[in-house]
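Please find below my notes for a reader who is meeting this structure for the first time.

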Amino acid sequence: LPSAALIPAAGAGTRLRLGPKAFVEVGGRTLLARSVAALAPHVDEVVVALPAGWSLPAGLPARSIVGGATRQESVRLLLEATAAEVVLVHDAARPFLPARAVRALLEAVEEVGAATVALPVADTLVRSEGRNWREGVPREGLWAVQTPQGFRREVLTRAHGAAHEEGVTATDDAGLVARLGLPVALMPGDARLFKVTTPGDLALAQALAAVWDA
Ligand code: C5P
């Protein structure tokens with residue numbers, strides 16, 4: 001089936017304070033270029049949502065559209081911009097994407113219709129009250145959800161359509177599918193797929209880039 005990677009990269013990078021995050025470099029390459037390069041070999045096309053006024057750096061095997069006001073809106077616009085039957089949605093802010101994860105995801109989409117990579121939570125979890133410990137939360141059965149996430153086109157279209165109509169927002173796409181009662185497979189994620197969000201994450205990404213590119 002025709003496939004596309006959709007990369008929401010239209011965020012302002014407010015928490016990092018270095019301008020649009022997708023254009024921040026680690027190890028001499030932008031987060032966006034790293035994400036595009038990791039996905040392009042696995043799909044027929046790559047489409048990127050960019051902030052208004054920005055354009056794709058020359059030489060990236062991708063085309064771009066202008067993103068929306070939220071990540072969710074950016075993904076909805078990306079979906080409208082492709083005719084692919086299988087779509088992978090991946091945050092530009094997760095630049096270290098192992099090929100193994102992409103392949104596993106594509107297989108799961110074929111079987112289940114929707115899938116995401118995720119990691120079992122390793123830390124102790126607590127619900128707070130202000131800055132105080134209120135109660136521990138058993139971590140058994142809890143996962144931290146990453147991207148990429150993969151979908152049959154009609155599944156993601158339906159999920160975004162319903163969320164849009166009902167004014168529902170979510171921080172990822174698999175969550176929008178799951179709330180319709182449709183199955184979402186959890187595939188083994190990777191610690192290196194962390195999202196670069198804070199200056200601390202960026203330092204970690206700089207260190208990892210040296211190993212990744214070696
Ligand atoms: O802000 P956060 O790190 O959660 O954003 C996740 C991804 O969604 C980033 O790659 C960001 O560029 C993208 N995004 C977007 N459009 C927005 C906001 C965020 O494509 N309006």
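**Notes on a predicted model**

1. Strands β8 and β9 make a hairpin in which two residues lie between them, and Gly 130 in the turn has a positive phi of about 60 degrees. Strands here are DSSP runs of E with at least two residues, numbered from the N terminus. This is a predicted model, in which local features need pLDDT of at least 70 and side-chain atom pairs count only at pLDDT 80 or more, while totals for chains, interfaces and linings use all residues. Residues are numbered from 1 along each chain as its sequence is written.

2. The antiparallel strands β8 and β9 (residues 132-137) are joined by five bridges, where pairing requires at least two DSSP bridges. Across this pair, Ser 128 stands opposite Trp 133 in β9. Strand β8 (residues 125-129) is hardly covered, since the count of buried residues among its five is zero; buried denotes 20 or more other C-beta atoms within 10 Å of a residue's own, exposed 12 or fewer, and partly exposed in between, with C-beta atoms placed from the backbone.

3. Pro 57 belongs to the loop between β4 (45-50) and β5 (63-66), and Pro 57 is partly exposed because 14 other C-beta atoms lie within 10 Å. Leaving aside neighbours within four places in sequence, Pro 57 is in contact with Thr 30 and Ala 33, contact meaning backbone-placed C-beta atoms within 7 Å.

4. Around the ligand there are 18 residues, of which Pro 8, Ala 10, Gly 11, Arg 71 and Ser 74 come nearest; a residue counts as near if its backbone-placed C-beta atom lies within 6 Å.

Note on methods. Helix = DSSP H or I, 4+ residues; strand = E, 2+ residues; numbered from the N terminus. Contact = placed C-beta atoms within 7 Å.
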